[in-house]
Amino acid sequence: MTDKLHENILRDAWLRRRFLARLAGVIAGSTLLSGLPWMAPLRAQPVGASPSDRVRIGVIGIGSRGSLLLQYLLRTPGVEIAALCDDYPPNLLAAMAAAAGKPTAFTDYRKLLAMPGLDGVVIATPLHEHAPMCLDALAAGKHVFCEKSLALTVDECKAIARAAQASGRVFQVGHQRLFSASFLHAHEVVQTGQLGPITQIRASWHRNNDWRRPVPHPALERKLNWRLYRAYSGGLMAELASHHLQVANWYLDAAPLSCVGYGSINHWKDGREVFDNVNVLFRYRDGVTFIYDSLISNRHHGLEIQVMGPKGTIEGESGKLYLEQPPPAPAIAALVNQIERGSAETLAIGGPTWKPESKAGTAGQQLRRELGDDDGTILSMAAFANAIRAGRPIPHMIDHAYRSGIAALMGQAAMDQGREIAWPGNYN
């Protein structure tokens, strides 16, 4: 190891520990900490240098998302990447290089699960592989972190949730907003009644690309572009909507009762089987609705989730709070004082009796950003490792995974079948 590389590794470790120390201060100051039990692993004692603090992880699936998680894991204190698995050689070679060749390489995940001394696995494979891999990993006694969405079918979601609950092992799905400082703050705003009761949630995720990856040979089309085909993918509902569905379920503390929707392939007519344009309406208790749309032919509006009540609005992705009656600006307060003293200038009272109700132009209040630019992914990795170290499952993780996974499948079924789809029941 070169001196420069060693210096960089030490610096990364120091920055990570400093980051986690800052996190401890943030969550210690939360007035609703008891309502965030999945944050408990992050309040654990700092990771030491003893072998007992080391967590040995295997990563299964090292494509675009898996390689990003690998980078975070390599910098998480007390984590050793013991094994890597991918059945596509370029992915495996790149991952082994990133890990300096130290892990054991596998092309069959079942052989990785049989590796002695492995504590847990991170699964970042195509959606249709989540169920068999999660079930096999839990049966092998491993702790499991699986990327969203939970699974490709309702029956698979139920099977995974039941197995995870019965296993007593740590089970976590990649819904990083559960660990995002701004979304945690927004949850606190909701719980303390600053919006009033939630009356509606709207979310959108817009991109402008064909969602394709270059294929070196036609035989690899479905393997590399699995997101475009129904046998492997849940399309936009599983890949994108599942994130915002998780937030809606979390803030409402409920699963949707039913949904309706429309979907189409109206732009990328290239043989794909999943919709490039989806519009779904979910119905929750007390008449609350969640309106979701996503398309990949226009990126102007980007992504956002808006949580609305009679007192205000949260825009979660931009991290802003807009109150219906914000505190007056200093100049306005001065004018009010002048009016009360009778010294204000004369103002014209003529004008239209009605004006268009255009979007409010207030700047809004910034939600917490103490944790820097992390969207929650870094912390979710640290929480997984710490929960394994403590030997205790993270509360409510299975419920979050199940609710969002099922809701995404409901949305897809509503579009496919052209009818209202009801919640299919809980796994237990």
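Is arginine 177 buried or exposed? At 7% relative accessibility, arginine 177 counts as buried, where buried means under 20% relative accessible area, exposed over 50% and partly exposed in between (1.4 Å probe, protein chains only). The legends below describe a predicted model, in which local features need pLDDT of at least 70 and side-chain atom pairs count only at pLDDT 80 or more, while totals for chains, interfaces and linings use all residues. Residues are numbered from 1 along each chain as its sequence is written, and side-chain values use heavy atoms, with hydrogens and water left out.

**View 1. Overall content of the protein chain.** The protein chain has 12 helices and 15 strands; helices (H or I, at least four residues) and strands (E, at least two) are DSSP runs, numbered from the N terminus. Of its 428 residues, 48% count as buried. The accessible surface comes to about 20600 Å², and carbon and sulfur atoms account for 54% of this surface; accessible areas come from the Shrake-Rupley method with a 1.4 Å probe, and for residues only the protein chains shown count as cover.

View 2. Nine strands form an open sheet of mixed pairing, in the order S14-S13-S12-S11-S7-S10-S9-S8-S15. Its edge strands, S14 (365-366) and S15 (421-422), each pair on one side only; two strands pair if DSSP finds at least two bridges between them. Strand S13 (residues 320-323) pairs with S14 in the antiparallel sense over 2 bridges, and leucine 321 stands opposite glutamine 365 in S14. Helix H9 (residues 235-252) packs on the sheet and touches strands S7 (200-206), S9 (277-283), S10 (289-295) and S11 (303-309), contact meaning heavy atoms within 4.5 Å. The direction of H9 makes about 160° with that of S10; axes are lines fitted to C-alpha atoms, for helices over the stretch in contact, and angles run from 0 to 180 degrees between N-to-C directions. Helix H12 (residues 397-417) lies across S8, S9 and S15, running at about 60° to S8.

**View 3. Salt bridge between arginine 177 and glutamate 317.** The two side chains meet at 2.9 Å, N to O; a salt bridge is a side-chain nitrogen of Lys or Arg within 4 Å of a carboxyl oxygen of Asp or Glu. By this rule the count comes to 14 salt bridges. This pair links distant parts of the chain, 140 residues apart: arginine 177 is in the loop between strand S6 (171-173) and helix H7 (181-191), and glutamate 317 is in the loop between strand S12 (312-315) and S13. Glutamate 317 is partly exposed, with a relative accessible area of 21%.

View 4. Arginine 212 and aspartate 270 meet through their side chains in a salt bridge (2.9 Å, N to O). Arginine 212 is in the loop between S7 and helix H8 (221-224) and aspartate 270 in the loop between S8 and S9, 58 residues apart. Arginine 222 forms a salt bridge with glutamate 273, with the closest N and O atoms 3.3 Å apart. Because arginine 222 lies in helix H8 and glutamate 273 in the loop between S8 and S9, this pair ties together parts that are 51 residues apart in sequence. Salt bridges that share partners join Arg212, Glu221, Asp270 and Arg272 into one network.

**View 5. A nonpolar surface patch.** Val260, Leu281 and Ile291 form this patch, with about 200 Å² of accessible area together. Patches are made of residues with over 30% relative accessible area and no salt bridge, like charges being joined within 9 Å and nonpolar side chains (Val, Leu, Ile, Met, Phe, Trp, Tyr) within 5 Å. Valine 260 lies in strand S8 (residues 258-264) and is partly exposed, with a relative accessible area of 35%.
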